Amino acid sequence: MLLADCRVIDLTTSFGWLAGRVLADLGADVIAVEPPGGHPDRRIGPFAGDVVDPEGSLRWWAHARGKRSVVLDPGPPGTVSPELWDLLAGADVLLESDGPCGLAARGVDLDELHRRHPRLVVTSISPFGLDGPYAHFRAPDLVLGALSGAVWLTGDVDRPPIRIGSEQFLGHASVEAVVHTLVALHHVRAGGAGQHVDVAAWTAAIRTAMNAPTAKMLEGAEFVRIGPGVAYQPGRAKQIYPCADGHVVYMAGPGPLAGPGFATIVEWAAAGGFAVPDILSGVDVTTISLDDLERDGIRVAHNSAVEAVCTAAFRNRTKAELYAHAVEHRWLLAPVNTAADLPGDRQLAAREFWDDVDHGRFGVVRHPGAWARPSTVALRAANRAPGIGEHTTAVLAEAHASAGAVALPDQPERPGWSPGAGALAGLKVWDMSWVGVGPLTARYLADHGATVVRLDSSVRADVLRAAPPFLDGVSGLNRSQFYGDFNASKLGIGLDLSTGGGREVALRLADWADVVIESFTPHTLRGLGLDHATLAARNPSLVMLSTCMQGQTGPNADYRGFGQLLAALSGFYEITGWPDRDPTMIYGAYTDFVCQRFCASVVLAALDRRRRTGEGTHIDLAQFEAALQFLEVELLDTTVNGRVPTRNGNRHHAMVPHGIYPSRRGPEAGLEGERWLAIACEDDAAWAALVEVMGAPAWATDPTLRTLDGRRAAEDRIDTAIAAWTATQEALDVFTRLQPRVAAAPVYAPGALLDDPHLAHLGFFVPLDHTVMGTVPYTGMQARLSMTPGHLRRAAPCVGEHSFEVLTEILGLDADAVGDLLASGAVEISVG
């Protein structure tokens, strides 16, 4: 196991269940503490066979696998049972998600807890963190999405913004909690004290807004949703197309990333009798750019022609046929998979991804399997979720036997560590990744004190350097805050890996490093002599993360792409949109923000194993396999109940009303002037409160609407009436009038995040001085650690900005050696 001798006491609600599950996957002994009769959230559907049964909750099956269950009588409010104190005496981590007063309601005082157990890590997961203006507000998934900035950017232009059709942001918060829990545990195991980790789900959700929060500040206008296209690059052709049996996502360029596929697509369209527009005759889309099209005044006509050709070429071909061409010829194309499609995927089958889990009286059920593949030890085998109190006797006996153990000193001291250094001070990381998942993973480590050196090049620049937002809207390698935000806190070295000198520097940095992170398709580093086998032969204790779309092995291992393709492949697009329309684009490279958290978690767990054994590890993390963990409930519903989820707008199976409604417009023109309000009534009391705030209109006082079933029968009528009311209201005013009795929030345009008072209280956006861009706000920490708070250490590097520092101070080269590398073109130094 990666995590050994790690016991976790899990007091979470379904808001945080996945955190304990992921820690159990990594090898921790996770003990779920339940009240008599089982946790109330076991009664939240869906259920096996659609029968309400706490042992048949598919959400519990998905998020409690690998745990042990203990039933404890909570006793009178404000008291701690002796059995819970016994459990905590042998624990390394306590997880809870009861909100600002949750621990106190259980009788737990944090100061007293840490006095008794000075090395205990206590992690709290809540919607907004445990203090601040919104700390007591309600926030189901719809509200978190509305406030994230990402929902503003998702959906068709003629309808309200739209959520992902699955509970997503609780998953983001849970795995975010795992990352920071393991950071805190690293500090403990290096000799430091335990601490409190405060995770706000909202700040985790904001990461899915990707590059959008600073767009208005830097470029003068917000990004806006554009349905099947890319909101931050509206000049490109749309990317979602119907085909014979569903839909595909295709990135047609223009530019070199488009690859050779479009020429074949034009041939297909022509062969089917489609008259290819003259504007595309003899055009190689890989050699032109958006700037070329704009300069020639033909962008709109070019995109219309591209879309028409793709529509004609795809409509009579199946998803499987098109995907096979994409894999073979390296097209940027993926099927919009349904949950029913995924069990037949040949890559997942070849990698033996699926776990068949015996659920007793419910039979054997197929679950998504391991989300990472360390070379030294596997993630925990396929265990089912526990029955209610299944392990009570055994666990309490273990706890009682160890309760008398001698406590560790009250004031643990980490040798050589100083406050402000960060929990990961002393860790050395060589970040050879690019674009999203890898750089974001490395940024976690850098923000917590690791020395991270980032590979960069102007010869083969990271594609994010060419993506907005740019300073003053003017592009340039060192002017992109998209690249900047993903690479804060790092040192940057410019290397040309096509040269022998560049590769030698890369090898020496891998010798220096404790961790290497790379995110290329498998053949890339092998071709450069920088693969794991080569690096580990020189540095046997190296922890190396290789994360690409579909993993290091299997028939689709060399499939290339971006997060929007993987979101389609994994099933997210199929469930996002309106039931009477095609799927819509989820904003940005959505799965990048799922996978970054799994990547950081497994790297930290591998470092814990290295601390114990001295052995390195090569981690194969397929982003496809990690992303599917966030759809496990939907996949189980399909497998167990035969119900294949699809698009359902903003509606929810257990809440009515649950939607996004118009509010009074702002002064801006077009979509940027729209204002929207998200409202979700989680229970009948919330509905009564909403009716009161609306002024108790006659239609809303109908007695049949007092129950969920009654409201569901009248959902269309309710939505129409609420929209008529909200259209006359200011969204922020309704937000403050409804909360905390009703879950509601404005649908934030991303730029509004910079002015939010709660985020200001958290210190979430951090202004940093960039060499070229000046002072720019960066996305900050998504959790607050009480003893070793992470912080951004510097703005992102310009290409080669720290090359001399890295070569001389880290690798110990003299000035002559550096000069030779510069003269040969192997290294570049640049600051502008």
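Biologist: What makes Glu625 and Arg351 a salt bridge?

Modeller: The closest N and O atoms of Glu625 and Arg351 are 2.7 Å apart. A salt bridge needs a side-chain nitrogen of Lys or Arg within 4 Å of a carboxyl oxygen of Asp or Glu. So the pair qualifies. The model is predicted: local features need pLDDT of at least 70, side-chain atom pairs count only at pLDDT 80 or more, and totals for chains, interfaces and linings use all residues. Residues are numbered from 1 along each chain as its sequence is written, and side-chain values use heavy atoms, with hydrogens and water left out.

Biologist: Why does the pair of Glu625 and Arg351 tie together parts that are apart in sequence?

Modeller: Glu625 sits in helix α23 (residues 623-627), while Arg351 is in the loop between α14 (346-350) and β10 (355-358), so the linked parts are 274 residues apart in sequence. Helices (H or I, at least four residues) and strands (E, at least two) are DSSP runs, numbered from the N terminus.

Biologist: Are Glu625 and Arg351 buried or exposed?

Modeller: Both Glu625 and Arg351 are buried. Buried means under 20% relative accessible area, exposed over 50%, partly exposed in between (1.4 Å probe, protein chains only).

Biologist: Why is Arg366 called partly exposed?

Modeller: Its relative accessible area is 36%. The side chains of Arg366 and Asp356 meet in a salt bridge at 2.8 Å, N to O.

Biologist: What makes Arg610 and Asp514 a salt bridge?

Modeller: Their N to O distance is 2.9 Å, which is within the limit, so the pair counts. Arg610 lies in helix α22 (residues 590-613) and Asp514 in the loop between α18 (500-512) and β16 (515-518), so parts 96 residues apart in sequence are tied together. Arg610 and Asp514 are both buried.

Biologist: How many salt bridges does this rule give?

Modeller: The count comes to 63.

Biologist: How do you know that β19 and β20 pair?

Modeller: Two strands pair if DSSP finds at least two bridges between them. Six bridges join β19 to β20 (residues 675-680), so they pair. The two strands run antiparallel. Gly659 has Ile679 in β20 as its bridge partner.

Biologist: What makes β19 and β21 edge strands?

Modeller: The open sheet has the order β19-β20-β21. Strands β19 (658-663) and β21 (743-746) each pair on one side only.
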